[in-house]
Amino acid sequence: MAVGHIFLKFISNIEEYLCEVLLAFFVVLLFVQILLRQFFQYSLPWGEELATYLFVWFAYLGACVAAKMSAHNRVAFHFKFFPPIVKKVSEAIADLLWVGFNLYFAFLSYDFVFNRMNLFWKSQTIGLPMKYFYMILPIAFTLMSIRILWNNYLSLFKGVEIVDPEAEEIENLKRAAAAANA
């Protein structure tokens, strides 16, 4: 495997890797907090605050992963009654509205974090500027927009059918049940 291919795969899945690291870190941190409290009557003063910030970053990056997989919750039931081309165009228009919202929110959050936020706002126990914790907002909404636009490009111009992993799993279960009954 070429180095360029490995790098592209890493970049393509960076949100997933970051989510895995964040999840592992905040779960271990909370577990250590529980052990310290139960056995040593002590807790890390900054542990719960850091775990909270890690969870927030995990949730926003998880939303980016869901956008990449086209697994976001959305009302799409009515699209099933449309002819295929109308369904595809309607979903693309809905996604463009979503991207518009995301980019507007990314702009507002960027403006807040880098222009309006008081430089002296610091986290209570860690002491880091709050800017570092709020930076997830413009990052996540920009990444989500990129993922949504890329999925639409693949769907509309390349003819790739992007299937929600949950819907795919339901179909696999149906096939397995039908095979077992046959």
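1. Basis. The model is predicted, so local features need pLDDT of at least 70 and side-chain atom pairs count only at pLDDT 80 or more, while totals for chains, interfaces and linings use all residues. Residues are numbered from 1 along each chain as its sequence is written, and side-chain values use heavy atoms, with hydrogens and water left out.

2. Core. The largest nonpolar core holds 22 residues. Such a core is a set of buried Ala, Val, Leu, Ile, Met, Phe, Trp, Tyr and Cys residues joined through side-chain atoms within 4.5 Å. Buried means under 20% relative accessible area, exposed over 50%, and partly exposed in between (1.4 Å probe, protein chains only). Leu29, Leu54, Leu61, Ile136, Phe141 and Met144 have the most contacts inside this core. At least two core residues come from each of helix 2 (14–40), helix 3 (47–68), helix 4 (84–116) and helix 6 (136–157). Helix 3 supplies the largest share, eight residues. Helices here are DSSP runs (H or I, at least four residues), numbered from the N terminus. In soluble globular proteins, nonpolar side chains tend to be buried together.

3. Contact means heavy atoms within 4.5 Å.

4. A pocket is an open set of points on a 1 Å grid over the protein atoms alone, where a 1.4 Å probe fits, with protein on both sides within 12 Å along at least five of seven lines; lining residues have an atom within 4 Å of a point.

5. Of the 31 lining residues, Ser70, Lys87, Glu91, Ile162 and Asp164 are the closest to the centre. Helix 4, helix 6 and helix 7 (165–181) each give two or more residues to the lining. Helix 4 gives the most, seven residues. By type, the lining has 15 nonpolar, seven polar and nine charged residues. Ala, Val, Leu, Ile, Met, Phe, Trp, Tyr, Cys and Pro count as nonpolar, Asp, Glu, Lys and Arg as charged, and the others, Gly among them, as polar.

6. Two residues of helix 6. Asn152 is in helix 6. It counts as buried because its relative accessibility is 13%. A polar atom of the Asn152 side chain lies 3.0 Å from the backbone oxygen of Ile148. Beyond four places in sequence, Asn152 contacts Ala92, Asp95 and Phe157. Ser145 is also in helix 6. Ser145 is buried, at 2% relative accessibility. Its contacts beyond four places in sequence are Val99, Asn102 and Leu103.

7. Positive phi. Most residues other than glycine have a negative phi. Gln41, not a glycine, has a positive phi of about 50°. Gln41 sits in the loop between helix 2 and helix 3 and is exposed, at 65% relative accessibility. Ser70 also has a positive phi, near 55°. Ser70 lies in the loop between helix 3 and helix 4 and is partly exposed, at 22%.

8. Ile34. This residue is in helix 2 and is partly exposed, with a relative accessible area of 46%. Ile34 and Thr125 are 91 residues apart in sequence and 18 Å apart in space, C-alpha to C-alpha.

Methods. Polar contact = N/O pair within 3.5 Å; in protein donor to acceptor, adjacent residues only side chain to side chain.
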